[in-house]
Amino acid sequence: MNSLIEKTLKGFTVNGKKIPVNFLRYNGSEDTYITYMMTDADSALHGDDELLNYIEYYDFDIYTKGNYKPIVKALKALLTGVGFMWEVDRTSEDMYDEDTKLYHKTVCFSIERSE
């Protein structure tokens, strides 16, 4: 889990509706929710043979029966507001899951961290 993500998205709402955000899995009953996970980390800056900064990459999977675009917009605004960068080239195509009848969109972000 990432405490910055948990703190930033605690009580996440879009158009007055609270949207649960969980690490890896969601076991609740809401038909709109977000899961997230860290997908990669990469060194960014070294000095005197020591790692000084690194970049963490995260995927946020949005699931909903309705339009996910307002959710993407609100998620981007919150995360970029606390230092995340939107990874446009890693964001998924539009998806729909026939089994769950939910639309699914993966949006990706990265953040630079200090060692």
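**Figure 1. The whole chain, before zooming in.** About 7100 Å² of accessible surface belongs to the protein, and carbon and sulfur atoms hold 47% of that surface. Bear in mind that this is a predicted model. Two helices and eight strands make up its elements, and going from the N terminus they come in the order α-β-β-β-β-β-α-β-β-β. The protein has 115 residues, and 37% of them are buried. Take the contacts with a separation of 6 or more: residues 24 or more positions apart account for 56% of them.

**Figure 2. A look into the largest nonpolar core.** This core counts 20 residues, and the ones touching the most other members are Phe12, Ile34, Phe60, Ile62 and Leu75. Helix H1 (3–9), strand S4 (33–47), S5, helix H2 (69–81) and strand S8 (102–114) each give two or more residues to the core. H2 gives the most, with four residues. As a bit of background, nonpolar side chains in soluble globular proteins tend to be buried together.

**Figure 3. Isoleucine 62 and its contacts.** Here we pick out one of the core residues that touch the most other members, Ile62. Setting aside neighbours within four places in sequence, isoleucine 62 is in contact with Tyr33 and Ile34, with Tyr68, Ile71, Val72 and Leu75, and with Tyr103, His104, Lys105 and Val107.

**Figure 4. Threonine 64, in strand S5.** Strand S5 covers residues 50–64, and threonine 64 is part of it. Buried or exposed, then, is threonine 64? Its relative accessibility is 4%, so threonine 64 counts as buried. A polar atom of its side chain lies 3.2 Å from the backbone nitrogen of glycine 66. If you skip residues up to four places away in sequence, threonine 64 touches Asp31, Thr32, Ile71, Leu102 and Tyr103.

**Figure 5. Two tyrosines, stacked.** The structure has seven aromatic pairs. In one of them, tyrosine 26 and tyrosine 33 are stacked, with 4.5 Å from centre to centre and 25° between the planes. Tyrosine 26 counts as buried because its relative accessibility is 18%, and tyrosine 33, with a relative accessible area of 15%, is buried as well.

**Figure 6. An edge-to-face pair, tyrosine 58 and phenylalanine 84.** The ring centres of tyrosine 58 and phenylalanine 84 are 6.1 Å apart and the planes meet at 75°, so this pair is edge-to-face. Which parts of the chain does the pair link? Tyrosine 58 is in strand S5, while phenylalanine 84 sits in the loop between H2 and strand S6 (85–86); the two are 26 residues apart, and the pair links distant parts of the chain. Both tyrosine 58 and phenylalanine 84 are buried.

**Figure 7. Phenylalanine 23 and a cluster of rings.** Phe23, Tyr36, Phe60 and Phe109 are joined into a cluster by ring pairs. Phenylalanine 23 belongs to strand S3 (residues 21–23). At 33% relative accessibility, phenylalanine 23 falls between the limits of 20% and 50%, so phenylalanine 23 counts as partly exposed. Between the C-alpha atoms of phenylalanine 23 and isoleucine 34 there are 8.6 Å, with the two residues 11 apart along the chain.

Key:
Residues numbered from 1 in each chain as written. Predicted model: local features only at pLDDT ≥ 70, side-chain atom pairs only at ≥ 80, totals over all residues. Heavy atoms only, no water. Buried < 20%, exposed > 50% of the residue type's maximum accessible area, 1.4 Å probe, protein only. Polar contact = N/O pair within 3.5 Å; in protein donor to acceptor, adjacent residues only side chain to side chain. Contact = heavy atoms within 4.5 Å. Core = buried A, V, L, I, M, F, W, Y, C linked by side-chain atoms within 4.5 Å. Areas by Shrake-Rupley, 256 points an atom, 1.4 Å probe, with all protein chains shown as cover. Phe/Tyr/Trp six-rings, centres within 6.5 Å; stacked < 30°, edge-to-face > 60°.
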